Amino acid sequence: MRLFQRPSTALRLIVLTLFAVNGVAPAATSSANRPMLNATTQTYYTLERYLLRTGTIGELAIDRWNPTAGAGSGFKATYTVAADGSGNFTTVQAAIDAASGSARVYIAVKPGTYRATVCVPANKPPITLYGTDSDAGRSVIVFNNAGPKPKPSGTPANACNPNLDATTYGTSGSTTFTVAANDFHAKNLTFSNDYVEETYSGSGQQAVALKTTGDRLIFDNVRVLGHQDSLYLSTREAATVARAYFKNSQIQGDVDFIFGRGTAVFDGCTITYLTGRKGNGGNHIAPSTAAGNPFGFLFVNSRFTHDGASTDSVSIGRSWDEGVAAGTYRAGVSPNGQALIRETTMDGHIKLQAPWGTSTSGRVYSPSGNRFREYQNTGAGS
């Protein structure tokens, strides 16, 4: 793929003014700092290909998983959760604990705020957890643990990540809602971590709202709310592929707020950068895709937006070189984040000239050393 010199910011602003129609800018050309797929190479990086295979890297099997219909509708509830006592249970965890057998279990969640951490263990049957109101903001699962928050030694961080010896919650231990099971579906719900950043001092302010390690997961019309590390997409083992599909959903945060080694597709989603703590200069994504996995994060027909950031001030993302110390990265062996943003609206807060940041181990971005690409995006930040 031939690389072209990217126009200056001033020239691009002129082009955007002349050619934007109804606020939509023309798709950008490729450059060394912002590489684009072309009409031929983009055919390998489609939604279908991201979700095509399952298993262990090097021995993947094709199952052609197709979740594009979403989580479905018209459910008949197996159990109902209601904070006011009008259902089978008053907590989401109690309903999940009750789920058994091999058939799909449907758990209805009535409107309310459910303040607790929740774990869907790996041994659970397929579960559909859904808010009974189509407004995802009416059924909210929320807690406020955070990486630097003190935790008494010998007590669990949460049921999916006991972390007994640690004296702080850590990243995984901070999670409000964890999905370790396969074939979990969620609809019409909010997963939130409302930790107030800087409450506790520490090297990071990680506060995860939703973490996944299971495969074939669907999140349909959900909101994932937090600041740093809001959505953690992981796998059970480093060499395992675990896939998640987000449809018509909202994810928000300020630093690395969509991150991890999982494979995930965001279809028709809104990705919102928050300025409250960082102001300008944060980033949206930090994939840690295994070197042998060609598919990390795909954003398609979505929008990258913000709540008041300055123009040309925020990175799209960077690679999380998971477990790699500065200066010890091994090409082709160490995790190498993969992401494609295609046919998506990029608002003006995105850095035009150099939208991809230095990795967490200190590797400066380069097209040959990082697997970040775009295709036919529009908007002032494209």
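## Close-up views of a predicted protein model

**View 1. The whole chain, seen through its contacts.** In this protein, 73% of the contacts with a separation of 6 or more are between residues 24 or more positions apart; contact here means heavy atoms within 4.5 Å. This is a predicted model, where local features need pLDDT of at least 70, side-chain atom pairs count only at pLDDT 80 or more, and totals for chains, interfaces and linings use all residues. Residues are numbered from 1 along each chain as its sequence is written, and side-chain values use heavy atoms, with hydrogens and water left out. The protein has 4 helices and 26 strands; these are DSSP runs numbered from the N terminus, with helices being H or I of at least four residues and strands E of at least two. The C-alpha trace spans about 60 × 45 × 45 Å along its principal axes. A compact globule of 382 residues would have a radius of gyration near 21 Å, and the protein agrees with 20 Å (taken over C-alpha atoms; the globule rule is 2.2 Å times the number of residues to the power 0.38). As for burial, 53% of the 382 residues count as buried, where buried means under 20% relative accessible area, exposed over 50%, and partly exposed in between (1.4 Å probe, protein chains only).

**View 2. Cys119 and Cys160 form a disulfide.** A search of the whole structure turns up 1 disulfide, defined as a pair of cysteine sulfur atoms within 2.5 Å. Here the sulfur atoms of Cys119 and Cys160 sit 1.9 Å apart. This pair ties together distant parts of the chain, 41 residues apart: Cys119 lies in strand 6 (residues 118–120), while Cys160 is in the loop between strand 8 (139–143) and helix 4 (170–173). The torsion about their S-S bond is about 75°, so the disulfide is right-handed. Cys119 is buried at 5% relative accessibility, whereas Cys160 is partly exposed at 26%.

**View 3. Lys149 is buried without a salt bridge.** Look for Lys149 in the loop between strand 8 and helix 4. The nearest side chain of opposite charge is Asp194, 8.2 Å away. (Lys and Arg count as positive, Asp and Glu as negative; His and the chain ends are not counted. A salt bridge needs a side-chain nitrogen of Lys or Arg within 4 Å of a carboxyl oxygen of Asp or Glu.) Setting aside neighbours within four places in sequence, Lys149 touches Asn144, Thr167, Thr168, Tyr169 and Tyr200.

**View 4. Strand 12 (residues 217–225) is largely enclosed by the rest of the structure.** That's because 7 of its 9 residues are buried. Strands count as paired if DSSP finds at least two bridges between them. Strand 12 runs parallel to strand 10 (residues 185–193) over 7 bridges, with Thr190 partnered by Arg223. Strand 12 also pairs in the parallel sense with strand 15 (residues 243–247) over 4 bridges, and there Asp220 stands opposite Lys247. With strand 16 (residues 250–253), strand 12 makes 3 bridges, again parallel; Val224 and Ile251 are bridge partners.

**View 5. Three strands make an open sheet in the order 2-1-14.** The pairing is antiparallel. Strand 2 (61–62) and strand 14 (240–241) stand at the edges with a single partner strand each, so one side of each has no neighbour in the sheet. Strand 1 (residues 53–56) joins strand 14 over 2 bridges, and Thr56 has Thr240 as its bridge partner.
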